[in-house]
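Have the 3D view open beside you as you read.

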Amino acid sequence: MADLKTKYLGLALENPLVAASSPITSSPGKVEKLAEAGVAAVVVKSIFEEQIVADVSGMYASLKGDSSAVALEYLQADLPGRLGPEKYLNNISEMKKSAGIPIIASVNCLSSAKWIDYARKIEDAGADALELNLYQMPVDPLITSNQIEQSQAAMVKDVTDAVKLPVTVKLSRQYTALIRFVRELESAGARGVVLFNRFLHVDINLDAESVFYAPNYSTSGILPDQLRWAALTRGFVDCDIAISGGIHSGVDMAKALMAGADVGYVCSAFMINKDFDAGRIILGELTAWMNIKGYGSLREFQGKLKETDLRDGQGFERAQYVKAATELE
Ligand SMILES: Cc1cc2nc3c(=O)[nH]c(=O)nc-3n(C[C@H](O)[C@H](O)[C@H](O)COP(=O)(O)O)c2cc1C
């Protein structure tokens, strides 16, 4: 029988399947079902910095005309009051008691100043780790990329200084120099990075000539971008790497691990199938693939295809496809 055990953020996990922060991880009942389906850990649906600093009911009133589309989408799904700051802490305690798997809290934040005490409360509530979701639209024309990255690294440092919990950082995909930035996050105390968050899709309704928020589930087709960046980063940083985005099967999970991920986060596969069986299926397929290949444990193939030389112009660092392009002519 293949051994699927792995480690993430210093936590011993039964297998590499982590349920990603989303509506599937918003309540203790759902988390219990995820654990029954074999999921090794969950990242609880994010609470927003804005939610922590403001009373939720007050925020509901103030949402009208709010320019933050992200805050609006997440909050509308959970109001009124279901994911208030106190409720969030209670949920973590409940999840810890009932699910029997590691619980990773998640905070969507832009700065640490106003909510750092809350990070300690998350720790007291029994969370096993904390994920910082740096989900931010860089729309200020006066701020440089360097300023944004410096403030994000400083925030991570503030949080890691304030809590003993291992902290992981969920990144958006558009960083100019990702490997270097991940190293800065490591220096700031991050134990892991999550590659990547997916932005909410804003589409245009041509009849109404207005924008709307489109359902935003992935397919396996988006996985290669995560594989590329995990493989490029793995050999050049020490922290753990989670791949998030496009894992829908055991084969996808095997690819994520082979690129160098320690765990794979899954959201859409659960949301699309509208049940938790996706967990059992993914783990069953991963085991079957390992058996066919003769792998007894993840260690035997984890990181096998990571990049070891970033300057040889081969493999994942090759951005232009000379061979493929000439074949198409
Ligand atoms: C409806 C929905 C809600 C989400 N909410 C959150 C959230 O609260 N916090 C977060 O960090 N990511 C959130 N995500 C992103 C997921 O955690 C995950 O990173 C992303 O969907 C990629 O994984 P997938 O390809 O398996 O869907 C959400 C995704 C969806 C589809």
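**Ground rules and overall picture**

This is a predicted model, in which local features need pLDDT of at least 70, side-chain atom pairs count only at pLDDT 80 or more, and totals for chains, interfaces and linings use all residues. Residues are numbered from 1 along each chain as its sequence is written.

The protein chain has 13 helices and 13 strands; these are DSSP runs numbered from the N terminus, with helices being H or I of at least four residues and strands E of at least two. Of its 329 residues, 44% count as buried. Here a residue is buried if 20 or more other C-beta atoms, placed from the backbone, lie within 10 Å of its own, exposed if 12 or fewer do, and partly exposed in between. Among contacts between residues at least 6 apart in sequence, 72% join residues at least 24 apart, where a contact means C-beta atoms, placed from the backbone, within 7 Å.

| Helix pair | Angle | Axis distance |
|---|---|---|
| α1 (residues 28-36) and α5 (residues 85-99) | about 30° | 9 Å |
| α10 (residues 250-259) and α12 (residues 277-293) | roughly 65° | within 7 Å |

The axes are lines fitted to C-alpha atoms, for helices over the stretch in contact, and angles run from 0 to 180 degrees between N-to-C directions.

Helices α1 and α5 are therefore roughly parallel to each other, a label for angles under 35 degrees. Their crossing is right-handed, that is, the near helix is turned clockwise from the far one by less than a right angle. From α1, Pro28, Val31, Glu32 and Ala35 meet Asn91, Glu94, Met95, Ser98 and Ala99 of α5. By class, this contact has five nonpolar, two polar and two charged residues. Ala, Val, Leu, Ile, Met, Phe, Trp, Tyr, Cys and Pro count as nonpolar, Asp, Glu, Lys and Arg as charged, and the others, Gly among them, as polar.

The crossing of α10 and α12 is right-handed too. Here Gly250, Val251, Met253 and Ala254 of α10 touch residues of α12 including Ile282, Leu286 and Trp289.

Helix α10 is mostly covered, with eight of its 10 residues buried; among them are Asp252, Lys255 and Leu257. The cover over the buried residues of α10 includes β3 (17-19), α9, β12 (240-244), β13 (263-266) and α12. Just after α10, Gly260 takes a positive phi of about 125°.

**One face of α8**

Which residues of helix α8 (residues 178-187) are buried? They are Phe181, Val182 and Leu185. Seen down the axis of α8, these fall within an arc of 100°, so they line one face of the helix; the arc is that of the directions from the helix axis to the C-beta atoms. On the other side of α8, Arg180 and Ser187 are exposed. Elements covering the buried residues of α8 include α7 (145-162), β8 (167-171), β9 (192-195) and α9 (223-234). After α8 comes Gly189, with a positive phi near 105°.

**A residue in α9**

Arg228 lies in helix α9. It counts as partly exposed because it has 18 C-beta neighbours inside 10 Å. Arg228 and Glu317 are 89 residues apart in sequence, and their C-alpha atoms are 7.7 Å apart in space.

Key:
Angles under 35 degrees count as roughly parallel, over 145 as roughly antiparallel, 65 to 115 as roughly perpendicular and the rest as oblique. Two residues are in contact if their C-beta atoms, placed from the backbone, lie within 7 Å.
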